[in-house]
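I opened this model to look up a few things and write them down in order. The notes follow the display.

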Amino acid sequence: MGVKRIPSLAWIALFCSLVIVMSVNGQMATAEDVQSNYVIKFEGKVARDAEVYLKDGRTYVPFKFLTHALGLNVNFSQFHEEYVYHNYETQHNNKAVRVWGNLERGYWIQTRPLGQEDSPYDTKISGPTYICKPGTDNCTLDEKKYHGPFVRKGTLYVPVRDMSKVFDLNINVQRTGALTIVDLQSMIK
């Protein structure tokens, strides 16, 4: 049986089709660009479809969606070290909640009892993993193992599962055809 040759024009058409399919607003699609067929419901509010993202099998929503639904105020600050770090802080259920970091080094999610200073009272919910050159402190973010918050178009997106621990939420997942509904419910009334 012989192998059929595909004309060059057909290869070019196939390549162009793939580029168009993979393109999002003129840029190649990344994991953060993939919108989901998930709906996040919480305290009577529904995240818009454009606000829900799937990345490496995890569901992310804007931090402001959760904090606004809980009626929480968020303080934002930046601090400069070797890198510029973004710091988002709020208070919930007698604890300080902090999401801080940056794109180059990753983001940490942590809590601590209100009125306590940093460490040793911090509870780390999630944080980045690094790859370090042996015998040095030259480290880079291990992007294959990083599943934490990220910033997209100026908005901080957080993993729903991690934030359910932070804000004491139950997660109820319902699948209806191609749509998945994630209903978040407060464990504390």
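**Pocket lining**

I sorted the residues that line the largest pocket by type, and they divide into seven nonpolar, seven polar and five charged. The model is a predicted one, so I keep that in mind for every entry. I then looked up the lining as a whole, and it has 19 residues. Nearest the centre of the pocket I found Gly57, Arg58, Thr59, Val160 and Arg161. I also noted the space in this largest pocket, which is about 340 Å³.

Which helix and strands each supply at least two residues of the lining? I listed strand 6 (58–62), helix 3 (160–166), strand 16 (169–176) and strand 17 (179–186).

Next I turned to strand 10, which spans residues 106–113. I checked how covered the strand is, and seven of its eight residues are buried.

I looked for its pairing with strand 9 (residues 95–102) and found eight bridges between the two. Strand 9 and strand 10 run antiparallel. They form a hairpin, and I counted three residues between them. As one example of a bridge, I wrote down Ala96, whose partner in strand 10 is Arg112.

I then looked up strand 11 (residues 123–126), which is joined to strand 10 by three bridges. This pair is antiparallel too. Here I noted Ile109, which has Ser126 as its bridge partner in strand 11.

**Two residues with positive phi**

I looked up Asn94 and read a positive phi of about 65°, although Asn94 is not a glycine. Asn94 sits in the loop between strand 8 (84–92) and strand 9.

Asp168 also went on my list, with a positive phi of about 55°, and Asp168 is not a glycine either. I placed Asp168 in the loop between helix 3 and strand 16. Both of these elements also supply residues to the lining of the largest pocket.

Is Asn94 buried or exposed? I found a relative accessibility of 63%, so Asn94 counts as exposed, because the cut-off for exposed is over 50%.

Conventions
Residues are numbered from 1 along each chain as its sequence is written. This is a predicted model: local features need pLDDT of at least 70, side-chain atom pairs count only at pLDDT 80 or more; totals for chains, interfaces and linings use all residues. Side-chain values use heavy atoms; hydrogens and water are left out. Buried means under 20% relative accessible area, exposed over 50%, partly exposed in between (1.4 Å probe, protein chains only). Helices (H or I, at least four residues) and strands (E, at least two) are DSSP runs, numbered from the N terminus. Two strands pair if DSSP finds at least two bridges between them. On a 1 Å grid over the protein atoms alone, a cavity is a set of points where a 1.4 Å probe fits but cannot get out, and a pocket is an open set with protein on both sides within 12 Å along at least five of seven lines; lining residues have an atom within 4 Å of a point. Grid points are joined across faces, edges and corners, and a volume is the space filled by probe spheres set on the points. Ala, Val, Leu, Ile, Met, Phe, Trp, Tyr, Cys and Pro count as nonpolar, Asp, Glu, Lys and Arg as charged, and the others, Gly among them, as polar.
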